[in-house]
Each structure stands twice: as C-alpha cells, then as structure tokens.
Amino acid sequence: MVSVDVEGVSEKVLNSLNHYVFNKLHLAYVFINHELIVQELSNNWPDYGFEEFEVGDDVSLAVDFFVGVDTKQRLSLPIVETPSGQAVTVTMIPIEGGMTVTVLDASQQMSYRSRLQQAANENELLVNKQRELMAMLRQASSDLGLKNKQLEEANRLQTSFLSGVSHEFRTPLASIIGYTDRVQKNLEEFVILQSAKLDGDDFSFFVRNQEHVRSANRSSQHLLSLVENLLDHGKIDSNEIVLRPNPVDLKTLFEDVAVLIRPLCDAKNIHLSIKVDEKRPSSVFVDDSRLRQCLINLIGNAVKFTDDGGVSVLGRWKDDQLYVSIDDTGLGISEDDLAKIKLPFWQAEGTGKAGTGLGLTITEKIIDLMGGRLTITSTIGEGTQVKFDLLAPKIEPTEDSSIIECNKPLKVLLAEDDLDIADLMVMMLYESGVDVTHVSNGSEAIDSIKEQSFDLVLMDLNMPIMSGYEAIDQLRNLGINTPVVVMSASTLDDRSHPVKKIDCDAYLVKPVSVNDILKVAAQLVV
Amino acid sequence: MSSMNINAIKARYKASFGEKKAIVDDYRDKLFNSSSEDLPVLYEQIHADLHKLAGSLGMYGYDQLAEQARLGMSFALAQDHSSLDESLINLSLLFIEKS
C-alpha cells in the first residue's frame with residue numbers, strides 16, 4: 001500500500017481510512033510510470049476481470065484505456081465495461097513519477113442509469129400513446145361535430161319539408177272549407193226560399209246533400225287541424241312561435257271551449273264538466289288563441305280516450321298563475337307509455353285512435369313558452385289526470401286622470417263612413433259623456449258644421465262622396481277653424497295625399513280609443 | 001267602460017264575421033278568375049276594402065285579424081297575386097277561428 005503524506009493526518013489514520021475506502025468502494029488501482037510500466041497495484045485489480053499484472057509489466061497495450069494514454073494529464077473516463085462485464089469508472093491521476101489509475105465499481109450507477117433509461121423509454125411510449133389517443137379523440141370529436149351538423153341539417157330539412165308540405169295542404173284545404181261553408185249556406189237559403197215549391201222527396205234530397213257537405217266540411221276541418229299541428233311542430237322546432245297575449249276573460253274562453261267539445265261528448269254519451277273558479281280577475285293577460293289550442297288539445301284527448309263516465313275540467317287562478325286540471329275516466333296510460341307520450345309522432349298502439357301524435361308535444365311546448373308546466377298521471381283502467389299551469393297576470397283596470405272635465409258636455413262631430421267603427425265610437429263617446437253627432441261622408445260633415453258648432457271634429461279620410469281631405473280643405477277655405485282630428489289606418493292613406501300635408505290639428509292612428517280622443521280634446525278644446 | 005250597449009255592438013260585429021269572410025272569399029274567386037287587364041282595378045278594390053276591414057277589426061280589438069288585413073293591403077298595393085291570395089286565405093281562416 002502506498003503511504004501518502006496528508007498534512008495533519010497521521011499515517012495510522014490514513015491507513016485505516018484507505019483500508020475503509022478501498023474495501024467499502026471496492027476500489028482497485030494500478031500505479032504506472034511514464035513509460036507505462038507497472039510500479040504498484042492493488043490486490044483486487046484482477047477482480048474486475050483485468051489481465052493479472054505484476055510489477056514491471058508493460059501495460060501500454062494491455063487494456064484499452066492505457067493505449068495512447070498521456071501520463072501527465074488527468075483523465076476521467078465515462079462508465080466502461082470491464083472484461084468481466086462489470087461497469088466501472090476509471091480515473092487517471094498524474095502523480096510524481098507516473099500515474100495512478102483507479103477503477104471504481106459503477107454497477108449501481110449503471111443500474112440506476114438503466115432504470116432511468118427504461119423509465120424514459122416507457123415515458124416516451126406513454127407520450128406517444130397519449131398523442132395517439134389525443135389524435136383519436138380529436139378525430140372522434142370532429143366526426144361527432146360533423147354528424148351533429150348533418151343531423152341539424154337533416155332536422156332542418158325535415159322541418160322545412162313538413163312546413164312546405166303542410167303549407168301546400170293548407171291552401172287547398174282552406175278552399176275546401178271555404179267553399180263547403182258557402183255551399184251549406186247556399187243550400188239552406190235555397191231550401192228556405194224555395195220551400196213552397198219543394199215536395200217531400202226534394203226536401204230529403206236537399207237534407208241529404210246538406211249532410212254530405214257538412215261531413216266534407218268537418219273532415220276538411222279535421223284535416224286542417226292535423227296540418228296546423230304539423231306546421232306548429234315545424235315552427236316550434238325552429239323557434240318561430242310568437243305569443244300574442246291580450247286581455248282575456250277566462251270564463252268566456254272556457255265556455256267557448258265547452259261549446260266546441262260538448263258535441264263530441266254527446267256523440268259518445270259521456271259527461272263533460274268545464275268550470276273556472278269564480279275567484280279570478282275579470283281579465284288576464286294571455287295568448288287566448290294558444291291557451292284555447294292547449295285546452296282543446298288536452299280535453300279533446302281526454303274525450304277521445306274515454307268511452308264511459310266523463311271528463312271534468314277545472315280552471316283556477318291564483319297569484320298571476322292559471323292552474324288547469326283535466327280528469328277523465330278513460331282507458332288510462334301505462335307507465336311505459338307515460339314515459340313516451342310527449343314524444344313527437346308517438347302514438348299508443350292498439351287503441352285504434354287516430355291522430356298525428358303531435359298534439360301533446362305541441363301543447364307541452366306552448367305551455368312551456370307561456371311560462372308553465374304540464375304533468376300527466378294515470379292508472380290503467382281508471383283514468384288520467386292532466387294538469388298544467390301557466391303565467392296569467394291579471395289586468396288592473398286603469399283610471400285615466402287626463403279625461404277632461406267640462407261644465408257642459410263636449411260636442412263632437414264624427415265623420416266616419418264605416419258603420420261598424422262609427423257605431424262603436426258613438427257608443428263609447430256617448431258613455432263617456434260626450435255629445436256626439438255622426439255623419440257618413442265629408443259633404444254631410446260640412447253641412448253639419450254649418451248648421452251647428454262643435455268643439456271638435458273627428459274626421460276619417462277615405463269616405464265616399466267627399467273625402468276627409470276635401471272636407472278639411474273646404475272647412476278651412478270657409479274660415480271654419482274648429483279643431484279637426486284626423487283618424488287614419490296609416491300615415492300614408494294614398495300616394496297622392498300624404499297625411500302630413502293636411503291642415504288638421506291632430507292625427508290619430510286607428511284603432512283609436514276614447515281616451516286617445518279625450519286626451520287630444522283636452523289639448524285642443526279651450 | 002263596458003256596458004250592455006257596447007257589448008251588444010261588439011257581439012253584433014262578431015256575428016258579422018261570416019259576411020266578412022264571404023267578402024274575402026269572394027275576392028279570392030275574383031283574383032282567380034279576373035283577366036290581367038281587370039286585375040289592377042281589383043287590387044285597388046281589395047286594398048280599399050281591406051283598409052276598412054283593418055280599421056274596424058282593430059277598433060274592436062281583433063288585432064290578429066287587423067294585422068292580417070293590413071298585410072293583405074300591402075300585397076294588394078304591391079299587386080303581389082300569390083301573397084295576396086295567401087293572406088286572404090289566412091284572413092278567411094281567422095274569421096272562422098274567431099267567430
């Protein structure tokens with residue numbers, strides 16, 4: 001063993017340390033001079049599989065790392081494999097007289113390195129796998145997106161096709177209904193007018209034909225309602241349904257529905273009860289057409305599937321909500337069917353009841369649009385209960401504070417050729433305490449104004465004999481400055497007389513309310 | 001505001017829907033049967049009548065019908081035969097529905 005002078009460390013301690021280091025680390029060494037002749041070596045040098053050297057051996061060609069070595073340069077080799085297959089690190093340390101070549105077991109490092117490499121390889125595999133899966137996911141997502149677009153397009157085409165076809169059916173059906181209506185009326189009038197000339201056989205002939213026409217009319221109406229359902233389904237699918245709420249008297253609406261449904265119940269000899277609770281406001285704000293459609297659909301279904309007993313309908317209003325319950329003693333619906341009943345085009349099998357399978361789908365969607373909910377419960381053999389609720393805000397009657405107060409009644413001349421409008425306006429103005437005179441054309445208006453004075457003239461524009469335009473011109477030419485309020489259905493009554501060119505004091509667009517008139521009068525009449 | 005008298009007037013108006021529908025249906029017939037030389041005059045007549053109808057329907061609160069009548073007016077003014085025919089059909093159907 002070579003003793004090394006290490007400052008401050010005794011030889012005894014150095015030796016024990018060296019002994020420890022050599023044994024612990026299984027360090028082997030060889031000391032060679034500058035001519036590459038072995039001067040000294042550790043006993044365990046051969047343990048690494050190296051050729052056995054003896055002192056004095058020339059090692060220049062003995063081991064790979066000795067070949068061409070510069071004994072004056074420090075050199076550390078990366079992990080090399082010994083002849084016995086061990087992994088070692090080799091360090092060449094120049095010292096005085098030569099070089100110490102140390103060999104240290106690196107099997108642990110090698111093993112660690114292998115494990116790292118393996119982990120890196122596995123990681124690389126995982127990353128590749130992940131990339132593959134991501135690519136597959138992206139592809140699947142893209143395929144799904146494409147499929148969705150195709151489905152949307154197919155749905156749109158289906159809806160468009162249904163709407164188009166329904167439209168085509170609607171037009172001729174409307175004609176059939178219109179003409180059969182007219183034929184019915186013509187037959188009735190003919191029978192009445194010709195009753196003196198007709199004998200028993202003739203009467204029977206006409207009655208039979210009336211019945212045929214009535215049948216054709218009813219069938220057409222039924223077909224039309226099926227077509228309307230298809231159209232509605234299309235509109236719902238493409239979000240085109242527009243609600244038109246307006247003030248509605250619930251009692252009147254429910255009574256109207258009862259009138260429509262009762263003949264169906266009478267024909268089947270089943271009982272019908274339709275009631276609405278007395279505790280309700282006089283008017284609520286709903287789309288009466290759509291509410292009527294829902295009631296007719298649901299009550300109609302109840303009647304269709306009830307052969308004994310009857311159908312009861314109850315409507316209640318509370319806190320701006322309308323609650324409706326429809327109970328029947330019909331066939332009932334199984335649990336399986338209850339789950340499917342609201343699907344479009346689905347119909348229960350084996351009932352023999354006709355329809356498109358759309359009524360309930362459409363009804364539920366309309367109720368949903370109206371801020372409500374539909375529920376169905378049923379027991380086979382006992383009957384079904386359908387309930388729905390929807391928003392039905394009450395309408396508060398308003399008091400108009402701008403109604404003028406006079407010591408004497410307001411005297412108004414109303415020039416309006418449409419008798420329907422005139423009747424209503426006269427009555428409404430009269431009931432508001434207005435003294436109203438009605439004329440039917442501009443010429444009569446001029447004559448009336450010449451005979452008596454009025455506080456205000458309400459003038460329609462398009463009238464026979466003399467129009468409102470001419471009447472106003474004449475009044476002004478005569479120096480009559482009574483305030484004139486023009487009433488028109490549009491701002492451009494005809495192309496040659498834009499309204500703004502008329503010498504009037506105010507302008508109201510029809511439909512005109514009494515309050516509109518009184519507000520204007522309050523501003524114009526001194 | 002409503003009284004028996006006003007209600008009676010409103011009921012009478014509603015009862016006239018059959019006649020109004022007949023006028024609309026009649027116009028449809030004429031549209032179908034008129035020669036091209038007669039059409040311009042027919043369009044003006046239809047426009048004028050729909051104008052009146054829109055006015056009274058609106059006054060009586062039949063907004064949907066009034067809107068349909070106004071639509072017909074615009075088609076009559078534009079002399080759009082097929083659109084006018086369709087709006088007359090819709091008007092006719094609405095009269096049935098509302099009466």
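How many salt bridges does a search of the whole structure find over all chains? The search finds 14, where a salt bridge is a side-chain nitrogen of Lys or Arg within 4 Å of a carboxyl oxygen of Asp or Glu.

## Basis of the model

This is a predicted model, in which local features need pLDDT of at least 70 and side-chain atom pairs count only at pLDDT 80 or more, while totals for chains, interfaces and linings use all residues. Residues are numbered from 1 along each chain as its sequence is written, chains are lettered from A and ligands numbered from 1 in the order in which they are written, and side-chain values use heavy atoms, with hydrogens and water left out.

## The interface between chains A and B

Contact, meaning heavy atoms within 4.5 Å, joins 33 residues of chain A to 32 residues of chain B. The size of an interface is often given as the accessible area lost when the parts come together. Here the area buried between chain A and chain B is about 2,900 Å², with carbon and sulfur atoms giving 53% of that area; buried area is the accessible area (1.4 Å probe) that two parts lose on being put together, summed over both. D420(A), L424(A) and E431(A) supply 18% of the area that chain A buries against chain B, which is more than any other three residues supply.

Between chain A and chain B there are 6 residue pairs in polar contact, with both residues at pLDDT 80 or more. A polar contact is a pair of N or O atoms within 3.5 Å; within protein, one must be able to donate a hydrogen and the other to accept it, and residues adjacent in sequence count only if both atoms are side-chain atoms. On the side of chain A that touches chain B, at least two residues each come from α2 (107-193), α5 (288-304) and α8 (419-431) of chain A, and the largest share, 10 residues, comes from α2(A). These helices (H or I, at least four residues), like the strands mentioned below (E, at least two), are DSSP runs numbered from the N terminus.

## Salt bridges between the chains

Side chains of opposite charge can pair when their charged atoms come close. The count between chain A and chain B is 3 salt bridges. In one of them, the side chains of D420(A) and K20(B) meet at 3.0 Å, N to O, and the pair crosses from helix α8 of chain A to helix α2 (residues 17-33) of chain B. D420(A) is partly exposed, at a relative accessible area of 23%, whereas K20(B) counts as buried, at 11%; buried means under 20% relative accessible area, exposed over 50%, and partly exposed in between (1.4 Å probe, protein chains only).

Another salt bridge joins the side chains of R12(B) and D423(A), at 2.3 Å, N to O. This pair runs between chains from helix α1 (residues 4-15) of chain B to helix α8 of chain A, and D423(A) counts as partly exposed at 29% relative accessibility.

## Salt bridges within chain A

Within chain A, the side chains of D505(A) and R476(A) meet in a salt bridge (3.0 Å, N to O). D505(A) lies in the loop between β16 (484-488) and β17 (506-509) of chain A and R476(A) in helix α10 (residues 468-477) of chain A, so the pair ties together parts that are 29 residues apart in sequence. D505(A) is partly exposed, with a relative accessible area of 40%, while R476(A) counts as buried at 17% relative accessibility. Elsewhere, D256(A), D288(A) and R292(A) are linked in a network of salt bridges.

## Aromatic rings

Over all chains, a search of the whole structure finds 11 aromatic pairs. Rings of Phe, Tyr and Trp (its six-membered ring) pair if their centres lie within 6.5 Å, and planes under 30 degrees apart count as stacked, over 60 as edge-to-face and the rest as tilted. The rings of W45(A) and F50(A) are stacked because their centres are 4.6 Å apart and their planes at 20 degrees. W45(A) is buried at a relative accessible area of 0%, and F50(A) is also counted as buried, at 6%.

F205(A) is partly exposed, with a relative accessible area of 43%, whereas F206(A) is buried, with 14%.
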